[in-house]
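Reader: I would like to know what lies behind the words used for a structure such as this one. Please take the terms in turn and set each against its definition.

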Amino acid sequence: MDPVGDKEIRASFVNCSKGEASRLNLPAGLPELPWEHLDFLGWRDPGAPDRGYLVVPRGDGIVGVTLRVPQGVRRSFTKTTVCSVCLTGHPGSGVSLFAARRAGPAGRQGNTVGAYFCADLACSLYVRGRKKSQLAGRHEETLPLEDRITRTVLNLDGFVEKVLELEGER
């Protein structure tokens, strides 16, 4: 992913108001992030742990999506869960359900889409082995790195498509 600045990030959000986008907390150390190892930018809001954000390259620009972690969801600390984007397995609470309000009229009516993501939204780093799940070494995937990256990008693109999907168009 190419580096992006805070103004570009804030302008990219499709499922919140401009005011909400202007107030969201950006990740610390934005210029120092490992951009060359990111397929998308994902972060949790340190001031509001139930919120997360994705900024995804699409076409010739980027699309930002605000996420919420539903309250009251209980996770087992003894079971393994798998991220639906990068397919990294994590123990216990290493994967979270994130819900995104849909863009446009559907989102204003309260329609959402959800997916299970790595709880820290660092899928790109897990795929590349730059960050390790606590299950690392137990189940090593044999798919080549480029294929894992492609799969992650396609899975994420499918999620973003659902957020962008206009009501009545299918």
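Author: Start with one definition: buried means under 20% relative accessible area, exposed means over 50%, and partly exposed covers what is in between. The model shown is predicted.

Reader: Why is Ser 96 called buried?

Author: The relative accessible area of Ser 96 is 13%. The cut-off is under 20%, so Ser 96 counts as buried. Ser 96 belongs to strand S6, residues 95-101.

Reader: Which residues does Ser 96 touch, not counting those up to four places away in sequence?

Author: Ser 96 touches Arg 44, Ala 115, Tyr 116, Phe 117 and Ala 119.

Reader: Why does Leu 87 count as partly exposed?

Author: Leu 87 has a relative accessibility of 40%. Leu 87 has a positive phi of about 65°, although it is not a glycine.

Reader: Is Leu 121 buried or exposed?

Author: Leu 121 has a relative accessible area of 3%. That is under 20%, so Leu 121 is buried. Leu 121 sits in the loop between strand S7 (112-118) and helix H4 (123-127). Leu 121 is not a glycine, but has a positive phi of about 55°.

Reader: What makes Arg 102 buried?

Author: Arg 102 has 12% relative accessibility. The limit is under 20%, so Arg 102 counts as buried. Arg 102 is placed in the loop between S6 and helix H3 (104-108).

Reader: What does the side chain of Arg 102 reach?

Author: The side chain of Arg 102 reaches the backbone oxygen of Glu 165, at 2.6 Å.

Reader: Why is the pair of Arg 58 and Glu 161 called a polar contact?

Author: A polar contact needs a pair of N or O atoms within 3.5 Å, one able to donate a hydrogen and the other to accept it. The side chains of Arg 58 and Glu 161 make such a contact at 2.4 Å. Arg 58 lies in strand S2, residues 48-58. Leaving aside neighbours within four places in sequence, Arg 58 is also in contact with Val 63, Asp 157, Val 160 and Leu 164, among the residues listed with Glu 161.

Reader: How do you know that S1 and S2 pair?

Author: Pairing takes at least two bridges between the strands. Strand S1 (residues 41-45) and S2 are joined by 5 bridges, so they pair, and they run antiparallel. A hairpin of 2 residues joins S1 to S2.

Reader: How many bridges join S2 to S3?

Author: There are 8 bridges between S2 and S3. The requirement is at least two, so these strands pair, also antiparallel. Arg 51 has Arg 68 in S3 as its bridge partner. The hairpin of S2 and S3 has 2 residues between the strands, and Gly 59 in the turn has a positive phi of about 60°.

Reader: Which residues lie nearest the centre of the second largest pocket?

Author: They are Cys 16, Glu 20, Arg 51, Thr 66 and Arg 68, out of 17 lining residues. The volume of this pocket is about 310 Å³. The lining divides into 7 nonpolar, 4 polar and 6 charged residues.

Methods
Residues are numbered from 1 along each chain as its sequence is written. This is a predicted model: local features need pLDDT of at least 70, side-chain atom pairs count only at pLDDT 80 or more; totals for chains, interfaces and linings use all residues. Side-chain values use heavy atoms; hydrogens and water are left out. Helices (H or I, at least four residues) and strands (E, at least two) are DSSP runs, numbered from the N terminus. Buried means under 20% relative accessible area, exposed over 50%, partly exposed in between (1.4 Å probe, protein chains only). Contact means heavy atoms within 4.5 Å. On a 1 Å grid over the protein atoms alone, a cavity is a set of points where a 1.4 Å probe fits but cannot get out, and a pocket is an open set with protein on both sides within 12 Å along at least five of seven lines; lining residues have an atom within 4 Å of a point. Grid points are joined across faces, edges and corners, and a volume is the space filled by probe spheres set on the points. Ala, Val, Leu, Ile, Met, Phe, Trp, Tyr, Cys and Pro count as nonpolar, Asp, Glu, Lys and Arg as charged, and the others, Gly among them, as polar.
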